[in-house]
Amino acid sequence: MKLCFDSRKVEPGDTFFCIKGTVTDGHLYAGTAADKGAAVIVYSDEPMEKRPGVKYIKVDDTVEALDNAAREFFGDPSRDMVVFGVTGTNGKTTTARIISQVFSLYRKCGFMGTIGLTLDGKTIREASLTTPDALTVQESLAQVKSMGGEAMAMEISAQGITQRRVDCVDFDCGIFTNFTQDHLDNYGTMENYFNAKKRFFQSMKKDGTAVLNRDIQEFGSLRDACSCTNIVTYGLDEKDRKGLAQAASADWTRPGSGDFKDKYYDGTASSVSHVSAEEAGVTTAASAMTDNAFDPEMDYRASDIVYEVGKTSFNLCHGDQVCPVTTNLMGSYNVYNLLAAGAAMDQMGMDLQDIAEGFSHINQIPGRMQAVDEGQDFSLYVDYAHTPDGYYQILSAVRNLMPEGSRLIVVAGAPGGRDHSKRKELAEIAGEFADFVVLTTYDVRSENPDDIVVDLLTGIKDVNKCISESNRIRAIRRAVALAEPGDFVFILNKGVESFMYGPDGRMPYKGDDYYGAQAIREKMEGQL
């Protein structure tokens, strides 16, 4: 006997929950579930056609009933585990993966998120959603616990929060990374999107811990929303914040960037002006950061940051402790991810010095600034960046670190059936940082791929440094064909995801890393 909310998976003896989804209503399939042998049907709406031999249970809220039933069915696994929940627009995967790797030096820790369910670096289950349904969440927690896991680091998406997929998880630590434009197709406004994120902290247990980014505009609202009593903060030291702002201003020294600079940067060394999504079409984490004055009482901070190609070093400071860190993760956004992870692990009992040492041995996070090396004479990376802020963070970091004379070639796309308002901004940011852009698509769903590329083209100022290729695999091949010795090729959007959404639903896809490597080999063999 098992619990189900998908009538296609019902077997004799199962309990079927009639869940109202975004596409359909489970009440419409109660009869199908009964025909397939469901022993119990949990519902909320009348009329309900009742079949002989089936027990019907009426409740006010079938989602709440499913959440509670799943928790009990799998033995309430999170109650005896240390559970981290990471939310925010960008950085969720990296932060949660850092915690999973490093906290395992202290207590064995699993990972649940965009790249699946893992423990000890091994994949237990491939991902279907960033935050899976309540049944899968509880089953995953139970599975990791049964394999000796004592902790879990989870990505918590906005949809996962609003659809109450994690309401019955006993979170010990909630982490907020940053907040920028995304999911307006689902939420309509940035305010609605933020309120969805905020709900996670409003529902935390009283003795839980909230780890909040002190450098973002939304800090005060998040702090006031927290239902837990222990709230800790993280951010950059004052001079490093100023250095980041100065680096942001330096990004716009390239020809033709004046309009873009005027749009996103206010021209001062210590402040990058925050522009709302409605006003500018995009808000980056860097542009939102410096609206907040430096807080000398910040609990965890990074100081003396040195950015290099292939590594970053800084001091992780907490109270009187100063722990040197050297890591293979690049860019200021990863310093924030490391700070968030470090603060959370320290609060959950791991020694800060051990955490800093663990940061020096982080394995490659799949699809996040992942190098693809086939022995070629240029660099190629794949990254999951798919929001305006994600583009800005990774491309600005790379542009500032690239050797003089190297070119930046970017494969940039947009999905079908999702937030059309982002398309122009994605292309605009790619075009401003890159020497050459290959515009393409991914997850086109039922939309015409050529229409997506046309929308992207509206953000390109210089069409002479742009190629349009709606077929993603061909776009990757064309970008690699352009690469010369010393160049940097960045393939954004999909990372190592093994699927693509098309007109007929989810289809297999071998990952941008696979097709990037394939193109490199073809180029080296003279076939490209």
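Predicted model: local features only at pLDDT ≥ 70, side-chain atom pairs only at ≥ 80, totals over all residues.
Me: In which loop is the place of Asn493?
Reply: Residues are numbered from 1 along each chain as its sequence is written, and side-chain values use heavy atoms, with hydrogens and water left out. Helices (H or I, at least four residues) and strands (E, at least two) are DSSP runs, numbered from the N terminus. On that numbering, Asn493 is in the loop between strand S21 (488–492) and strand S22 (499–502).

Me: Is Asn493 buried or exposed?
Reply: Buried means under 20% relative accessible area, exposed over 50%, and partly exposed in between (1.4 Å probe, protein chains only). The relative accessible area of Asn493 is 1%, so this residue is buried.

Me: What is the phi of Asn493?
Reply: Most residues other than glycine have a negative phi. Asn493 is not glycine, and its phi is positive, near 110°.

Me: And what is the phi of Arg164?
Reply: Look in the loop between helix H5 (158–162) and strand S10 (173–176) for Arg164. With 23% relative accessibility, Arg164 counts as partly exposed. Its phi is again positive in a residue other than glycine, near 60°.

Me: Which residues is Asn90 in contact with, leaving aside neighbours within four places in sequence?
Reply: UniProt, in an unreviewed entry, places a "binding site" at residues including Asn90; such annotations may be inferred rather than shown by experiment. Asn90 is in the loop between strand S5 (82–87) and helix H3 (92–103), and is buried because its relative accessible area is 14%. Contact means heavy atoms within 4.5 Å. Apart from neighbours within four places in sequence, the contacts of Asn90 are Thr177, Asn178, Thr180, Thr387, Asp389 and Gly390.

Me: What relative accessibility does Thr131 have?
Reply: Thr131 is one of the residues that UniProt lists for "binding site" in an unreviewed entry, and it is found in the loop between strand S8 (122–125) and helix H4 (134–146). Beyond its neighbours within four places in sequence, Thr131 is in contact with Glu155, Ile156, Ser157, Gly160, Arg165 and Val166. Thr131 counts as buried, with a relative accessibility of 0%.

Me: Why is H16 oblique to H17?
Reply: Axes are lines fitted to C-alpha atoms, for helices over the stretch in contact, and angles run from 0 to 180 degrees between N-to-C directions. Under 35 degrees counts as roughly parallel, over 145 as roughly antiparallel, 65 to 115 as roughly perpendicular and the rest as oblique. Helix H16 (residues 421–433) and helix H17 (residues 449–457) have axes 7 Å apart and pack at an angle of about 60°. That angle is why H16 is called oblique to H17.

Me: Which residues in H17 do Arg423, Lys424 and Ala427 in H16 meet?
Reply: On the H16 side of the contact are Arg423, Lys424 and Ala427. Their partners in H17 are Ile452, Asp455 and Leu456.
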